Amino acid sequence: MTGSATKIIECPRDAMQGLDYFISTENKIKYINSLLKVGFDVLDCGSFVSPKAVPMLADTADVMDAIDWEDSDTQLLTIIANEKGAVEAGKFPQIQYVGYPFSISEKFQLRNTNHTIEQSLVTLKNIQQIAHDNGQHVVVYLSMGFGNPYGEEWNPQLSIDWSRRIAADLGVKIISLSDTIGVATPDNIRHIIAESIKASPKVEFGAHLHTRPDNYLANITAAYEAGCRRFDGAIKGFGGCPFAADALTGNLPTEHLITFLKEKEQHTHIKQAEFHKAFAVAGEIFMPH
């Protein structure tokens, strides 16, 4: 796919992972197939992590085997938490990216991957090598990038410095700054993204914003004005992080992101008719609460 001016990463994995009911493998396949026709740049479509940690996605391998990926220009990403996950993801030629959640909160990193931050640096280095050997690329999700709920030391410079360290020391080329718990403000989004881009100009920075209905527009605007041209979203804002639960905080609604970019006259590859079809499928498989 030729590079669009602004990349849209659709995240059905994030939308599904924390639900308290199971979406069948058949419905996952149906939904991802509909999303593959829309024109998203990347689809975050599964994870190779412990099924005990995320039972919803224990069938990712079966889903990957069954989806109609060969006729789509959309690239696929799966989340991993360790070297074992990287090896599993490497078995699938249809997966171009593996995403690793790297938290700058010690408590959250332990909670999310059962590793300390320093241990996670070693893990990330190993994952980089495994991915390289498999012809895949690593996306680092810098979680707690905009705040920390655990009373640990946090400031905007911490995020900027960690991004620079990961890029410089490990050669990571894509970093998605993640508002894991929905605490980002327009001011700190604008500052952290702008300064991160300035500090690591060769890195592609993305924004993974967990938003509320009352703040998504201000947060998208701040990220965009800071220079971000890679956004994660999920149709209808479904999802959020099951390890940092807040019922009010969901993903950035993709439909609002598409509208925003259209108003900014930003080129995307979105096919509106196919998007509406996928939107309808989402309404079928996600149970209302």
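Helices (H or I, at least four residues) and strands (E, at least two) are taken as DSSP runs and numbered from the N terminus. The structure is a predicted model, in which local features need pLDDT of at least 70 and side-chain atom pairs count only at pLDDT 80 or more, while totals for chains, interfaces and linings use all residues. Residues are numbered from 1 along each chain as its sequence is written, and side-chain values use heavy atoms, with hydrogens and water left out.

G39 lies in the loop between α2 (25-35) and β2 (42-48). With a relative accessible area of 6%, G39 is buried (buried means under 20% relative accessible area, exposed over 50%, and partly exposed in between, with a 1.4 Å probe and protein chains only). The C-alpha atom of G39 is separated by 34 Å from that of S105, and the two residues are 66 apart along the chain.

Strand pairing is considered next; two strands pair if DSSP finds at least two bridges between them. Strand β5 (residues 137-143) is mostly covered, 6 of its 7 residues being buried. Strand β4 (residues 95-103) runs parallel to β5 and is joined to it by 7 bridges, with P101 opposite Y141 of β5. β5 also pairs in the parallel sense with strand β6 (residues 174-179), over 4 bridges. In this pairing, V139 has I174 of β6 as its bridge partner.

The loop between β5 and α7 contains M144. This residue is not a glycine, yet M144 has a positive phi of about 60°. M144 is buried, with a relative accessible area of 1%.

Strand β1 (residues 7-10) and β8 pair in the parallel sense through 4 bridges, and E10 stands opposite G233 in β8. Within strand β8 (residues 230-233), R230 and D232 point one way and F231 and G233 the other way, and all are buried. K236, in the loop between β8 and β9 (250-251), is likewise not a glycine and has a positive phi of about 65°. K236 is partly exposed, with a relative accessible area of 35%.

Two packed helices are described by the angle between their axes and the distance between the axes. Here the axes are lines fitted to C-alpha atoms, for helices over the stretch in contact, and angles run from 0 to 180 degrees between N-to-C directions. The axes of helix α6 (residues 117-133) and helix α7 (residues 156-170) come within 11 Å and cross at roughly 40°. α6 is therefore oblique to α7 (angles under 35 degrees count as roughly parallel, over 145 as roughly antiparallel, 65 to 115 as roughly perpendicular and the rest as oblique). Contact, meaning heavy atoms within 4.5 Å, is made by I117, E118, L121, L124, K125 and Q128 of α6 and by W162, R165, I166 and L170 of α7. The residues of this contact comprise 6 nonpolar, 1 polar and 3 charged (Ala, Val, Leu, Ile, Met, Phe, Trp, Tyr, Cys and Pro count as nonpolar, Asp, Glu, Lys and Arg as charged, and the others, Gly among them, as polar).

For helix α9 (residues 216-225) and helix α10 (residues 254-263), the axes come within 11 Å and cross at roughly 50°. This makes α9 oblique to α10. On the α9 side, Y216, L217, I220, T221 and Y224 meet H256, L257, F260 and L261 of α10. The contact of α9 with α10 consists of 7 nonpolar, 2 polar and no charged residues.
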